[in-house]
Number of protein chains: 2
Amino acid sequence: MTSLTLTFLAQLLCVKIKMIELLQEVLNSEIPLTTNIGLRVTEYKDLSLTLSAPLENNINHKSTAFGGSIYSVSVLSGWGLIYLLLKQHGLSGHIVIQESNTKFIKPVTTEITAKCSFKSTEQYEKFLKMYKRKGIARINLEALILCKSEKAVIFNGTYVVHK
Amino acid sequence: MTSLTLTFLAQLLCVKIKMIELLQEVLNSEIPLTTNIGLRVTEYKDLSLTLSAPLENNINHKSTAFGGSIYSVSVLSGWGLIYLLLKQHGLSGHIVIQESNTKFIKPVTTEITAKCSFKSTEQYEKFLKMYKRKGIARINLEALILCKSEKAVIFNGTYVVHK
């Protein structure tokens, strides 16, 4: 690996870290409940964003994670992924959730971790192209909540972004 | 109206108030996040349960109600309705959300108010009969979130109750 490649990779990593810090700051300042939930932006790479929250803050009557907290972490993982995509392309806009479907397969007995991903680069490129052209675009995103390496919850959200 | 009818109505009202207090206590003690949300059990009558939460605790980046908070109030309105139904029939059980669909039609710019209702007495009678017989039963419930008398969010949840 050349020193030029290393410098490039270091810069890329630096941008990713700054993006994580930015999103953490935005979420906590704009949506105060994220502080109560203990929401943390944990990873942003390979077309994916991962958010997490400790079980303790989000416990329910069965000592597992409360469905409302799981939903909150999930819906924000999609919101955040779109927010960072726009940011990286020098764009801004209003990101709103339009519809969602949530399947609760197993109880979450650990920290809540929601990983939201674009299906492909084609998906987000098409979305960006539409947004630039029309000033409004729609995208379907899936977030997975794993518990002990098994699928616990599947969240599907349709988001609309408009100027 | 006879004094006997009045006494009966007063007793009925008293039971309803006690049920509201009981559910408020259960929700706050078992799901601590409900305190952060500012969740209140506001009405229980005519096959319906209404929960609410102030906008202030649940504000988002657009100064409207955060989707995760709306979901939390909605999912708990269904949970609470089943809890109270079981209680009134001397039953208990584990109530879990299995799947939900949430349609966000308009932003919620006021207090969040979710009203969850049984479709009919037949619906909950069938559900209770099944639960007593099999020890497990499934029910679909709808919660409506109105904002300034207009439908803002429609929540549909499938709940499973088991012994």
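This is a predicted model: local features need pLDDT of at least 70, side-chain atom pairs count only at pLDDT 80 or more; totals for chains, interfaces and linings use all residues.
Strands of a sheet pair through backbone hydrogen bonds, either parallel or antiparallel. Here, 12 strands make up an open sheet with antiparallel pairing, in the order β1(A)-β2(A)-β4(A)-β5(A)-β6(A)-β3(A)-β3(B)-β6(B)-β5(B)-β4(B)-β2(B)-β1(B). Its edges are β1 (40-45) of chain A and β1 (40-45) of chain B, each of which pairs on one side only. From one strand to the next, the twist averages 25 degrees.

Within this order, β3(A) stands between β6(A) and β3(B). Towards its own chain, β3 (residues 94-104) of chain A pairs with β6 (residues 150-162) of chain A in the antiparallel sense, over 10 bridges. Towards the other chain, β3(A) runs antiparallel to β3 (residues 94-104) of chain B, and 5 bridges join the two. Glu99(A) illustrates both pairings: in β6(A) the residue opposite Glu99(A) is Thr158(A), while in β3(B) the residue opposite Glu99(A) is Lys103(B).

His94(B) stands opposite His162(B) of β6(B), and Ser100(B) has Gly157(B) of β6(B) as its bridge partner.

In total, 28 residues of chain A are in contact with 28 residues of chain B. On the chain A side, the elements that give two or more residues are α2 (33-37), α3 (67-88) and β3 of chain A. The largest share of that side comes from β3(A), with 9 residues. By class, the chain A side divides into 10 nonpolar, 14 polar and 4 charged residues.

In chain A, helix α4 (residues 121-134) lies across β5 (136-147) and β6 of the chain, running at about 145 degrees to β5(A).

Two packed helices are described by the angle between their axes and the distance between the axes. For helix α1 (residues 3-30) of chain B and helix α3 (residues 67-88) of chain B, the angle is about 125 degrees and the axes are 11 Å apart. α1(B) is therefore oblique to α3(B), and α1(B) passes α3(B) in a right-handed crossing. From α1(B), the contact is made by Met19(B), Leu23(B) and Leu27(B); from α3(B), Leu76(B), Gly80(B), Tyr83(B), Leu84(B) and Lys87(B) take part. Sorted by class, the residues of this contact are 6 nonpolar, 1 polar and 1 charged.

Notes: Residues are numbered from 1 along each chain as its sequence is written. Chains are lettered from A and ligands numbered from 1 in the order in which they are written. Two strands pair if DSSP finds at least two bridges between them. Helices (H or I, at least four residues) and strands (E, at least two) are DSSP runs, numbered from the N terminus. Axes are lines fitted to C-alpha atoms, for helices over the stretch in contact, and angles run from 0 to 180 degrees between N-to-C directions. Angles under 35 degrees count as roughly parallel, over 145 as roughly antiparallel, 65 to 115 as roughly perpendicular and the rest as oblique. A crossing is left-handed if the near helix is turned anticlockwise from the far one by less than a right angle, and right-handed if clockwise. Two residues are in contact if their C-beta atoms, placed from the backbone, lie within 7 Å. Ala, Val, Leu, Ile, Met, Phe, Trp, Tyr, Cys and Pro count as nonpolar, Asp, Glu, Lys and Arg as charged, and the others, Gly among them, as polar.
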